[in-house]
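Thanks for taking a look at this one with me.

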Amino acid sequence: MSSSGGRVTCLLDEARRVAIFGGTHGNEMSGVTLVQLWLKDGAEIRRKGLETQAFITNPRAVERRTRYVDTDLNRAFTPENLSAPGGHNLPYEVQRAQEINRMFGPKGTSGAYDVIFDLHNTTSNMGCTLILESSKDHFNLQMINYIKKAISPASCPVLLNEHPHLKYATSRSVAKHPVGLEVGPQPQGVLRSNIFEAMRIILKHALDFIELFNGGTEFPPCSVEVFRVSERMDYPRDTNGNIVAMVHPDLQDCDWEPLNPGDPMFQTFDGKTIRYEGAGTVYPTFINEAAYYEKQQAFVTTRPEKLAASGVRRA
Ligand SMILES: [Zn+2]
């Protein structure tokens, strides 16, 4: 396909089976609460021509109001884990990944769910972020284009976390079209009404798009701005691995804003500034995310890119 998007229209299968996952991280309360609400009454997520299933992915972590019990469920969907023998002796989240893969997958097969929305919160000031794992999923790109237009002038940045040679291990990676929602800032274990509503509205438009698509609406070629993950930046550490600096006040809460070479990045405990020394301007996000201290990650850098999406229509 040409970079302009060309005149190509892809004929795609209808997206009949759709799941909405909450509680993949048990202390991210917007998704947990919305899914619990929709399990009681699914009228809001019902659409013509769709089977929409709300689902709590990590119920034990939700019960304990913790991110996970044994291991991060959102990294557990590896081929090794999904085929591991051992049953009840496996870590809880590995058992859970196998169950979810049986219910909504199997991952990578024609029997898998068409779309999975996985609802997350972040402590970072990321707003309503949509996360994609592929730059070539034209169905998802068209859905994002639709959502962006629908919520305008509000914005929803798109984070592209694409590894051409790696298999994805996220909960949503079980689906043919995986979509992550990452809405913040919101502390872990806390519900904020503005964040809750923002997530709810994105879901509404996403489901509207799928209903239109299944109903035969053709979506013409378009382009979508995304931020491609570039580098994972750790906190400065001493020789024992202890953190010796914090995110600089000039960078804190400035997710999606440009960080230029020479700009302040960290501040040591005795007040010294550590500056960014990369080759060019980047756009940091997940800045000072609470859950990423254990992953040795202070923020990720991204670079903006325009992706061409071909037109799509139901086959
Ligand atoms: Zn999460």
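1. A word on terms before we start. Helices (H or I, at least four residues) and strands (E, at least two) are DSSP runs, numbered from the N terminus. Two strands pair if DSSP finds at least two bridges between them. Please keep in mind that this is a predicted model, in which local features need pLDDT of at least 70, side-chain atom pairs count only at pLDDT 80 or more, and totals for chains, interfaces and linings use all residues. Residues are numbered from 1 along each chain as its sequence is written.

2. Three strands make up an open sheet in the order 9-10-11, with antiparallel pairing. Strand 9 and strand 11 are the edge strands, each pairing on one side only. From one strand to the next, the twist averages 35 degrees; for such angles, axes are lines fitted to C-alpha atoms, for helices over the stretch in contact, and angles run from 0 to 180 degrees between N-to-C directions.

3. How many bridges hold strand 9 and strand 10 in their antiparallel pairing? Three bridges link strand 9 (residues 245–247) with strand 10 (residues 264–268). Within this pairing, Ala245 sits opposite Thr268 of strand 10.

4. Most residues other than glycine have a negative phi, and most peptide bonds are trans. Asp253, in the loop between strand 9 and strand 10, is not a glycine, yet its phi is positive at about 70 degrees. Phe286 is not a glycine either and has a positive phi of about 50 degrees; you will find Phe286 in the loop between strand 11 and strand 12 (299–309).

5. Are these two residues buried or exposed? A residue is buried if 20 or more other C-beta atoms lie within 10 Å of its own, exposed if 12 or fewer, and partly exposed in between, with C-beta atoms placed from the backbone. Asp253 is partly exposed because 14 other C-beta atoms lie within 10 Å. Phe286 counts as buried because it has 26 C-beta neighbours inside 10 Å.

6. Two cis peptide bonds are also worth checking. One runs from Gly105 to Pro106, with omega near -5 degrees, and Pro106 belongs to the loop between helix 4 and strand 4 (115–121). The other runs from Ser152 to Pro153, with omega near 10 degrees; Pro153 is in the loop between helix 5 (138–151) and strand 6 (158–160).

7. Finally, the interior. A nonpolar core is a set of buried Ala, Val, Leu, Ile, Met, Phe, Trp, Tyr and Cys residues joined through C-beta atoms within 7 Å. The largest such core has 82 residues, of which Ile20 and Phe117 touch the most other members. Helix 6 (residues 193–214) gives this core its largest share, 10 residues. Leaving out residues up to four places away in sequence, Phe117 touches Ile20, Phe21, Val179, Leu181, Leu203 and Ala206, where contact means C-beta atoms, placed from the backbone, within 7 Å.

Definitions and conventions: Two residues are in contact if their C-beta atoms, placed from the backbone, lie within 7 Å.
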